[in-house]
Amino acid sequence: MGTNPVLRAVSWAYIWFFRGTPIYTQLVFWGLVGVLYQRLSIGIPFGPEFFSFNTYDLITPAVAAILGLGLNEGAYLAEIVRGGLQSVDKGQWEAANALGMKRSTTLRRIVIPQAMRVIVPPTGNETISMLKTTSLVLAVPFSLELTFVSNAIGNKMFQPLPLLLVAAIYYLAITSILMIFQTRIEAYYGKGFDGEKPAKAGRGMSKRQQSILAAGTVHDDPTLEVTP
């Protein structure tokens, strides 16, 4: 959504690649990155090197799993955020510009609070989906993942089905907690958009105003026109 053509091209290429290739293939790549580049270094291009690392010492199976899942999920979240920002009417930007607000202030104070109502639901769904996608990190291979450990213990005990049920219960428990958080966040950012119940008459009024209202000489709604 920026105006810099270079950044727009880089972001488009990033989203295009990571959304267009399977997550399993990406995880396999990060697991085998040490075969392509056995040593990583930091220095001046075509010049001296300051630091060098063994690739497998730097990119451990846990790091490879985080990189694979994070980069893939970031591409999807970028599109979710873009859709949420574009859901806000352009008149909000124009009104803020007319008031002399900076673009960053407009984004932070006006646009993002309204866009979060659209961003939160698909973000919660993607978070839950990524949690279940962690079962594919055995492609790295990452041997401490829940499904991998359950299969290993089940095969060792010759009881694979009970252990798979245990893993399913753990997944259900974690996803249930995430769904509760998602519901509360949606309710927080949905204030003012969903039909809220009107406040009780007299709330926020002084004692004198409440006495006048209780006398029945005025209507609850001050904008109501009385017809004789």
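The largest nonpolar core has eleven residues: Ile23, Leu27, Trp30, Val33, Ile59, Ala64, Ala65, Leu69, Val137, Ala139 and Val140. A nonpolar core here is a set of buried Ala, Val, Leu, Ile, Met, Phe, Trp, Tyr and Cys residues joined through side-chain atoms within 4.5 Å. Helix 2 (23-31) and helix 5 (61-86) each supply at least two residues of this core. The model is predicted: local features need pLDDT of at least 70, side-chain atom pairs count only at pLDDT 80 or more, and totals for chains, interfaces and linings use all residues. Residues are numbered from 1 along each chain as its sequence is written, and side-chain values use heavy atoms, with hydrogens and water left out.

**Cores and contacts**
- A second, separate core has seven residues, including Ile80, Leu85, Val111 and Ile119.
- Trp30 touches Ile59, Ala64, Leu67, Gly68 and Leu71, not counting residues up to four places away in sequence. Contact means heavy atoms within 4.5 Å.

**Overall make-up**
- The protein has ten helices and two strands. Helices (H or I, at least four residues) and strands (E, at least two) are DSSP runs, numbered from the N terminus.
- The pattern along the sequence is α-α-α-β-β-α-α-α-α-α-α-α.
- Of the 228 residues, 21% count as buried. Buried means under 20% relative accessible area, exposed over 50%, and partly exposed in between (1.4 Å probe, protein chains only).
- Among contacts with a separation of 6 or more, 61% join residues 24 or more positions apart.

**Helix 1**
- Helix 1 (residues 5-20) has 16 residues and should span 22 Å at 1.5 Å a residue; its end C-alpha atoms are 22 Å apart, which agrees. The expected span is 1.5 Å times one less than the number of residues.
- Asn4 caps the N-terminal end of helix 1, with a side-chain oxygen 2.9 Å from the backbone nitrogen of Val6.

**Helix 6 against helix 7**
- The axes of helix 6 (residues 90-98) and helix 7 (residues 103-133) come within 10 Å and cross at roughly 145 degrees. Axes are lines fitted to C-alpha atoms over the stretch in contact, and angles run from 0 to 180 degrees between N-to-C directions.
- Gln92, Trp93 and Ala96 of helix 6 meet Arg103, Thr106, Leu107, Ile110, Val111 and Gln114 of helix 7.

**Loop backbone**
- The peptide bond from Val140 to Pro141 is cis, with omega near 5 degrees. Pro141 lies in the loop between helix 7 and helix 8 (146-157).
- Phe158 sits in the loop between helix 8 and helix 9 (160-189). Phe158 has a positive phi of about 60 degrees although it is not a glycine. Phe158 is exposed, with a relative accessible area of 74%.

Technical notes: Polar contact = N/O pair within 3.5 Å; in protein donor to acceptor, adjacent residues only side chain to side chain.
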